[in-house]
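Trainee: Please walk me through some features of this model. I would like the general idea, then the case at hand.

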Amino acid sequence: MQHWARRLEQEIDGVMRIFGGVQQLREIYKDNRNLFEVQENEPQKLVEKVAGDIESLLDRKVRALKRLADAAENFQKAHRWQDNIKEEDILYYDAKADAELDDPESEDVERGSKVSTLRLDFVEDSNFKNKVNYSYTAVQIPTDIYKGSTVILNELNWTEALENVFIENRRQDPTLLWQVFGSATGVTRYYPATPWRAPKKIDLYDVRRRPWYIQGASSPKDMVIIVDVSGSVSGLTLKLMKTSVCEMLDTLSDDDYVNVASFNEKAQPVSCFTHLVQANVRNKKVFKEAVQGMVAKGTTGYKAGFEYAFDQLQNSNITRANCNKMIMMFTDGGEDRVQDVFEKYNWPNRTVRVFTFSVGQHNYDVTPLQWMACANKGYYFEIPSIGAIRINTQEYLDVLGRPMVLAGKEAKQVQWTNVYEDALGLGLVVTGTLPVFNLTQDGPGEKKNQLILGVMGIDVALNDIKRLTPNYTLGANGYVFAIDLNGYVLLHPNLKPQTTNFREPVTLDFLDAELEDENKEEIRRSMIDGNKGHKQIRTLVKSLDERYVDEVVRNYTWVPIRSTNYSLGLVLPPYSTFYLQANLSDQILQVKYFEFLLPSSFESEGHVFIAPREYCKDLNASDNNTEFLKNFIELMEKVTPDSKQCNNFLLHNLILDTGITQQLVERVWRDQDLNTYSLLAVFAATDGGITRVFPNKAAEDWTENPEPFNASFYRRSLDNHGYIFKPPHQDALLRPLELENDTVGILVSTAVELSLGGRTLRPAVVGVKLDLEAWAEKFKVLASNRTHQDQPQKCGPSSHCEMDCEVNNEDLLCVLIDDGGFLVLSNQNHQWDQVGRFFSEVDANLMLALYNNSFYTRKESYDYQAACAPQPPGNLGAAPRGVFVPTIADFLNLAWWTSAAAWSLFQQLLYGLIYHSWFQADSAEAEGSPEARESSCVMKQTQYYFGSVNASYNAIIDCGNCSRLFHAQRLTNTNLLFVVAEKPLCSQCEAGRLLQKETHSDGPEQCELVQRPRYRRGPHICFDYNATEDTSDCGRGASFPPSLGVLVSLQLLLLLGLPPRPQPQVHASRRL
């Protein structure tokens, strides 16, 4: 077998030396040495410059933010409250007006709104990816807030003055994107004006629930939610509590920590989390699912619930927010005030705020609940029905904002958010936030007002930050990234969320964006701590197509971005320390090289694909490379490569590489007969963006990405020495390759390494495309005991000659498998159409043996950005899940008619009539968009790569009653494993199959992950206490008892006067 392996190695090397043209291309570069300069990437200087540029960009936004916040406070202070203000007194652009006028069931149509709404004209603006009007602001008011209320009208009145400040900000900085004021009343005023992206169902957008507002309106929180599950909490009340808890969880961000417990006579956590955990997306999902399993039984024991909550908050052995501490209790009522518990745990300092929520319609005395909140610097709320949940589970933020307001200027600090999806279509953004305080006083000589007016925000698109990073000088495998204090990436080439979710921020951890290891954990920690650093590490990286894993060397350099919570990193392979910069000052040479881009030259010089880069401002982009090349040529006939509207670096390098690859055709390819060695094509790809494929007709079957930096073969060739084989990609679920109709090729590529004056770089990759069928036959001959001239001689077990892969293919299986475990070549004709498949799908028994004998090792990871088809909904019957449905006996029972359950049900049904259907809320925001068909999910990825065995190796596969011998050996200077094995004789050998295909997963076990949380730091500031805080306003809820006549009339109306309506399907975890 070693003899066969050497023959294979020699054949591959010979073909690549003759046709690949590595040595010849080196000579071409040296011959053209006067046409380019070798520049150096100095990591420390690069990363500091980019960090400085990002800081300057954000500083401009900060100045605009401060102007807005100061102006808002002054406008509100000067505003005179009007009790008798009317809707017709206010003129503004209602961003939802057009959608509501088209909807006969809308709020304004139903109420006969008299609001004077402006009608505006809009122009398309590519910066906003939207139609905008720069002369006006737009106003968005949540559906469940009445636009004609006195509070809202006064809010609209004083915020109108912000319009001029918005406009002046844009005049000073034309790059500003959305400028937004989110009011504590729920009103959003933003600039420039654009129609609201209203869904077809209920628009549930409320600025107070946006991640940026929550972060700006209060300091981080440690929250324990306790839920009364005693026997009195039954049916609808329990369902209201479950929904309320889920809505409460949605008010928390990744800077917050939370736990949820239920209690009756004793308290216990609802989930596997036994202590406070970070309120990230995955942990909140665990809570929401666990809450649905709560069951009501036993008696009410407030003492058990509060003691559990205080114990949780006093646990100092865990990571937590260490700022605001609070307990949120949901109950249907009770008489015990548990004063002894508060005396023991919370008095006299009252460091823990207590918020109480009376849920459902009942006749209990709420005084104890009010007292608990008032005695512990909290607030008392009532949630009588589904319509009250959203507003009452978010207004606690006003209480938490009091210390911030009282701190004054000290609290006026700009914070930058996590990455999230902009609700108006801007894509991924970060937002600078600044709280806006109420500076008025309650009266002459009265105490200072302690209410937060809202949060001012200015968006920065991630694409604008990316433009400040080096584009193509870092090479195909170099990149810039940035992370925040949570370790989440702000910039990273792997930050590619596949779905749109406006409710949650995009939280991809640096250690999930890359393959995690100890070195990266250290780098991440140092960056979070705001340190500078540099470290060269050996690490694993996934290939672009996520089929392979390579062990590589990378240099990491990082610095903090001053005035922010972000840190910037630069990753460079050693071979990207230097790069080429073309210097084509000779215009005659420019024209000569440019002519090789013209399609008229392709027949003789090979087809040229050019990378779709932003060479010039006026160049029209296109996904079709032929059309893009046509656009490029037309533009170049109007401008020169030195034009100011063009990127001279990109253009000069492109034209230089056009000429250099043409010389490779002239010196090597044109005089060779590719058929002699069964080659379908030869090719070269360069850092400058050129991919030249020869002959021209081979371009018809070329499927690689025209951008070399986005081509898997290109990036892997740079990272690996030798010849890299890439079989065609085949999915196990797809039909096999159709060899009869199409000629299938196998790509073989290698990097061209230059040494110029002691500086080493890899500016290009060259390769060949093998004819699969012809090389499969050649493979059998090379792995046999004959030369090309000899006639094959069949050997059997009893003969004296050795068996081989050609004549004994009925007894021997001979294959070449690449470093990812994919089949490249086989001596079995029936396996030719399986080339490119994971070998376990071809021979599970043999692949498992190779893995068990350390020829391969495995790397498993999770993709948290995947998109999955929605799960088919369950059969919920005639009524929506989560709604109490009365029986016939209930209707006949007078006691039921006067019960809280009946009244609460009526309220929910009426609410549903007004707002179409509250049951549809979960999908409301995505309705009408392509993303509605897919949902975010976690996928488990498995890649295989060569293990520790390098030498040839014999082993026996034990298959019970029979065994199977195999021999494996790595081919030198390639990514191939040569395997010769006896064909399986027993069915027992089919047991066990390795899986490589990406599979749907729940991700790693969250209950285990929280026991070893990743390092993070909270914001540097905390405002949770102020000695002057007035806690007297702590909630005085009241409910109105309905009359029997009203109840009977409403029920008859609903039962007899309305046609049956189809009930939508909803998620149990969110009903608003």
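Trainee: How are α3 and α7 oriented to each other?

Mentor: Two packed helices are described by the angle between their axes and the distance between the axes. Here α3 (residues 43-78) and α7 (residues 162-172) pack at about 165°, with axes 10 Å apart. Axes are lines fitted to C-alpha atoms, for helices over the stretch in contact, and angles run from 0 to 180 degrees between N-to-C directions. α3 and α7 are therefore roughly antiparallel (angles over 145 degrees; under 35 is roughly parallel, 65 to 115 roughly perpendicular, the rest oblique). The crossing of α3 past α7 is right-handed (the near helix is turned clockwise from the far one by less than a right angle; anticlockwise is left-handed).

Trainee: Which residues make the contact?

Mentor: From α3 come A64, R67, L68, A71, A72 and F75; from α7 come L162, V165, F166, N169 and Q172. Contact means heavy atoms within 4.5 Å. The contact of α3 with α7 has eight nonpolar residues, two polar and one charged. Ala, Val, Leu, Ile, Met, Phe, Trp, Tyr, Cys and Pro count as nonpolar, Asp, Glu, Lys and Arg as charged, and the others, Gly among them, as polar.

Trainee: What can I trust, and how is it numbered?

Mentor: The model is predicted: local features need pLDDT of at least 70, side-chain atom pairs count only at pLDDT 80 or more, and totals for chains, interfaces and linings use all residues. Residues are numbered from 1 along each chain as its sequence is written, and side-chain values use heavy atoms, leaving out hydrogens and water.

Trainee: At what angle do α20 and α23 cross?

Mentor: Helix α20 (residues 587-594) and helix α23 (residues 648-669) cross at roughly 65°, their axes coming within 8 Å. α20 passes α23 in a left-handed crossing. Q590, Y593 and F594 of α20 meet H652, I655, L656, T658, G659 and Q663 of α23. That contact has four nonpolar residues, five polar and no charged.

Trainee: What is the strand order in the open sheet of three strands?

Mentor: Strands of a sheet pair through backbone hydrogen bonds, either parallel or antiparallel. This sheet has the order β34-β35-β39, with antiparallel pairing. Its edge strands, β34 (856-868) and β39 (999-1001), each pair on one side only. The twist averages 35° from one strand to the next. Eleven bridges join β34 to β35 (residues 935-946). C868 stands opposite S935 in β35.

Trainee: Is Q1006 buried or exposed?

Mentor: Q1006 is buried, at 10% relative accessible area (under 20%; exposed is over 50%, partly exposed in between, with a 1.4 Å probe and protein chains only).

Key:
Pairing = 2+ DSSP bridges. Helix = DSSP H or I, 4+ residues; strand = E, 2+ residues; numbered from the N terminus.
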